[in-house]
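Here are my notes on the two-chain model you sent. Please read them with the structure open.

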Amino acid sequence: MFEFKLPDLGEGIAEGEILKWHVEVGQTVAEDAPLVDVETDKAAVTIPSPRGGAVTALSGKVGDVVNVGDVVAVIDDGSAAATVEPVAAPEPPAAVAPPAAAPAAKADGRRRPVPAAPATRRLAREMGVDINTIAGSGPAGRVTADDVRGTAAAEPFAPTAESDTAVHVPASSVADDQAFAEFAAHAASTIPFLELEPLPDFAVDGPVEVEKLRSIRRKVARKMVTSMTLVPHVAHMDDADVTALEEFRKSQKSARSGDPGIGSLTLLSFVIKAITAGLRAAPAFNASLDPFKEEIVYKKYYNIGFAADTGRGLVVPVIKGTDRKSIRDISTEIAEKAGLAREGALPAEDMRGGTFTITNVGPLGGTAMLPTINYPEVAILGMGRVQEKPVVRDGEIVIRKILPLTLAFDHRIADGADAARFVGELIRQLSDPNLLLLET
Amino acid sequence: MVMGSLRQETQVVVIGSGPGGYVAALRLADLGKEVVLVEERSAFGGTCLLEGCIPSKTLIHAVEVKENALAAAAFGLGCTGTSIDLDRLREYTGEVVDGLSGGITSLLKRRGVTTIQGRARFSSSTTVEIEGGEISGIDFEQAVIATGSSLNNLPDGMTSSVWSSADALKLPYVPESMLVVGGGYIGLELGLVYQGLGSKVSVVEFFPRLLPGADHDLVEVMVKSVQGRLDNVMLDTKVRSIVEKDGGGFTVRVEKDGKEDTHEYAMVLVAIGRQPNSGDIGLEHTKAQIGERGTIRTNNECRTDDPNIFAIGDVTDGPMLAHKASREAKIAAEVICGHPVEFDNRAIPAVVYTDPEIAWTGITEREAEDGGIAIKVGRFPLAALGRARTLGRTDGLVKIICDPDDELILGVGIVGPHASELIAEGTLAIEMGATLEDLVATIHPHPTLSEAVMEAAEVALGAAVHVNPPRRP
């Protein structure tokens, strides 16, 4: 028997959500054949089976979160347990399926159904809880409705449906109603005037496809709701004239296309460098507000994140220590990290520790946007599309390359005047490459 | 429009209109489904209503009234004799059945359920063909099979002019003497009806006991009470042959312990069980599978092996009881509509309408013994109960079976008048996960027979005030 434990999926990743099993109990799996798809906060990976043999147990169903080191599968590879791990004492088998004896198991070994009222049993099914795993608090171990709710609350993201994506779930199932009612009541008790109503059954008006909110999407959802709920956002917009900068960038790029840093040189690299200089001058935009301690934490380091669209969802790679890096270094690092993020291979370490974020939707288009702050940072800069526009210079209409910029910032820490100064300084630096040389 | 080739489309088709089928159709309609109900017979209600529970309980009640009238002599109420108008009794039974069947018709109509008379056979997992109806077939998304069960065929060597339970319920006439083949609940109930109407009734049973499913102590009380009413009870006895005599009557050869014996009866009533109606419904054209005993294999969501097809009631595993079918009907309907339900019932009550009645629910003592399950039992005799005395019916007892460690109620058995009604409390107690204390601490109205349930729980708890404690040595 070989107990396969969820391997380390990369720095800092402690758990993953089971997306799909490639095998069933009883099936034979070949060595290196796909065993299970697991999605972490950053990526989905297919984990191959390290051994060949019959699958005798799988722990966890689709949607379950398993920790690194948990036994996820037991494979009968013909070896006895002792020969696989000859020295170490056998691991406690608690994490292996089948589940630990239910509380209702009697001392004499027989099992009887858990005592619980029919309505309580139904509640458990609605909340996606296996009632037989609950130790009831009532007489004779009777499981109460509160026991069920307590168990459900302890595993808040346990999916109620076993099936994966694209299954039509009746929108107004009683389970959803109940969970929703409890949630809405709780939310309404904390936010005055907040009124939440269940979504209508969209399937009534036409065919729909339902997909579970999974790791990266769910993570983005949480971050965005947290940010928009906690942070009073203010946006400041202005245009930068990047005619000279673009001229300089393109000439360098074409002249030195063999150099990986210069060959892939983008406007973003210059903006990161200019922002770094701006943050040194305006430390409020490189801070965080701790609402619980009522403190403002000013960070003396400059780690600039940039939003990357990976096809699996939004990921923010972080370039660290931008005050100590050249534009060329930054450019090299952007290309490298964006590539890793698209492959889902960016180490977790490269996604944390940011102090300021830039979102550059320009290449896809857009003149103005209202970006959401990457909480707990204080500000985010949105870059629009560089376009040639007629502008007035010295009383004459001339054609210039214009970069629209939007700074969304936390009004608890900074005010409109601060933002105007901050963006003004940024525009000034982006207007002349020589200034970047001189001042950053 | 060409007759005979008209097809209908629907979301759900329900086959059979017994206590499984019609309940499923109503529930589905209430949950917003478009439903077609197919029934082969000309009236709704299935075996239960048309030739089972309802007519038999009507007749049993009639006989009970007569027996009570005669027993009233003990209270000083002279009853000089009872007369039986068989025609009126037959008519009255028909009125009861017709009234209820009409009720189902109107319930279905009000819900907008389309009903089709005819025989349905599956031609695929999404189609049934209808024989004998105006519609030739139905295209469905989901189907619920509620085709019920039918009487077991007689073994070879038996004449077919004997009565089945369905024949007996039609009250053709009251034979002078009658042998009931089968000592299960149907045979005993109908045997006692005909005895009450004037037949000399004997019972022959293959097994060594009557009512093999019930606990012996309950059956014993009933047997003792009906002993005087039955002519001859032959247990552990095989029926070798039933031969119709020229000029009427039957010669029945029986065998016990290798010895043969011959008896003569004016009529023989055969009540030897029922078989699921799973054949000849075209299941082979679907993915649904038939299990070992001829029942359609289902899971606890009432799903068959075919993802589109559900099955409920007698045609599936489990006791062939109307109330089990109705519960499954609601589960199947709700599962079809996406509700998170399943058949997780802890107890299915069983009721025998003998006199006195027998009812049990949850685990029996016999099952506990066979399964090696430790139990504690509290028994309370009706003789110690005020209400039973006022009724002059002290032949009975209530017993509560519980877990000896935590006193969780696992089973309840009752023999006595109105056992059929009293058992409901026991079933609720088991479903709710009640303990002895829950029953004991619940106020039961006085004077009623229901107090016996509370008293039996007190006995099990060792705290009964109405039972003398064991004498000290």
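1. Basis. This is a predicted model, in which local features need pLDDT of at least 70 and side-chain atom pairs count only at pLDDT 80 or more, while totals for chains, interfaces and linings use all residues. Residues are numbered from 1 along each chain as its sequence is written, and chains are lettered from A and ligands numbered from 1 in the order in which they are written. The predictor assigns the complex an ipTM of 0.81 and a pTM of 0.61.

2. Chain totals. Helices (H or I, at least four residues) and strands (E, at least two) are DSSP runs, numbered from the N terminus. Chain A has eleven helices and 19 strands; chain B has 13 helices and 21 strands. A residue is called buried if 20 or more other C-beta atoms lie within 10 Å of its own, exposed if 12 or fewer, and partly exposed in between, with C-beta atoms placed from the backbone. On that count, 30% of the 440 residues of chain A are buried, and 47% of the 473 residues of chain B. Two residues are in contact if their C-beta atoms, placed from the backbone, lie within 7 Å. Of the contacts in chain A between residues at least 6 apart in sequence, 64% join residues at least 24 apart. In chain B, 65% of the contacts with a separation of 6 or more are between residues 24 or more positions apart.

3. Helix α1 of chain B. This helix spans residues 21–30 and is mostly covered, with nine of its ten residues buried. Among them are B:Y22, B:R27 and B:L28. The cover includes β1 (7–15), β2 (35–39), α2 (46–51), α4 (86–110), β6 (137–145) and α8 (322–336) of chain B.

4. Parallel strands in chain B. Two strands pair if DSSP finds at least two bridges between them. β8(B) (residues 177–181) and β9(B) pair in the parallel sense over five bridges, with B:V181 opposite B:V204. On pairing with β10(B) (residues 232–234), β9(B) is again parallel, over three bridges, and there the bridge partner of B:V204 is B:M234. Strand β9(B) (residues 200–204) is itself mostly covered, four of its five residues being buried.

5. B:I363. This residue lies in the loop between β18 (357–362) and α9 (365–370) of chain B. Why does B:I363 count as buried? It has 23 C-beta neighbours inside 10 Å. Leaving out residues up to four places away in sequence, B:I363 touches B:A368, B:I401, B:L410 and B:G411. Its C-alpha atom is 7.8 Å from that of B:A347, 16 residues apart along the chain.

6. Open sheet in chain A. Four strands are ordered β1-β8-β6-β3 with antiparallel pairing. β1 (2–5) and β3 (28–29) stand at the edges, each with a single partner strand, so one side of each has no neighbour in the sheet. Four bridges join β6(A) (residues 53–58) to β8(A) (residues 71–76), and A:A57 stands opposite A:V74.

7. Helix α3 of chain A. In this helix (residues 145–154) the buried residues are A:D147, A:V148 and A:A152. They fall within an arc of 130° seen down the axis, so they line one face of α3(A); the arc is that of the directions from the helix axis to the C-beta atoms. The face turned away from the buried side carries the exposed residues A:D146, A:A153 and A:A154. α2 (118–126) of chain A is included in what covers the buried residues.

8. Interface. Chain A and chain B each give 19 residues to the contact. On the chain A side, α2(A) supplies the largest share, five residues. By class, that side has ten nonpolar, two polar and seven charged residues. Here Ala, Val, Leu, Ile, Met, Phe, Trp, Tyr, Cys and Pro count as nonpolar, Asp, Glu, Lys and Arg as charged, and the others, Gly among them, as polar.
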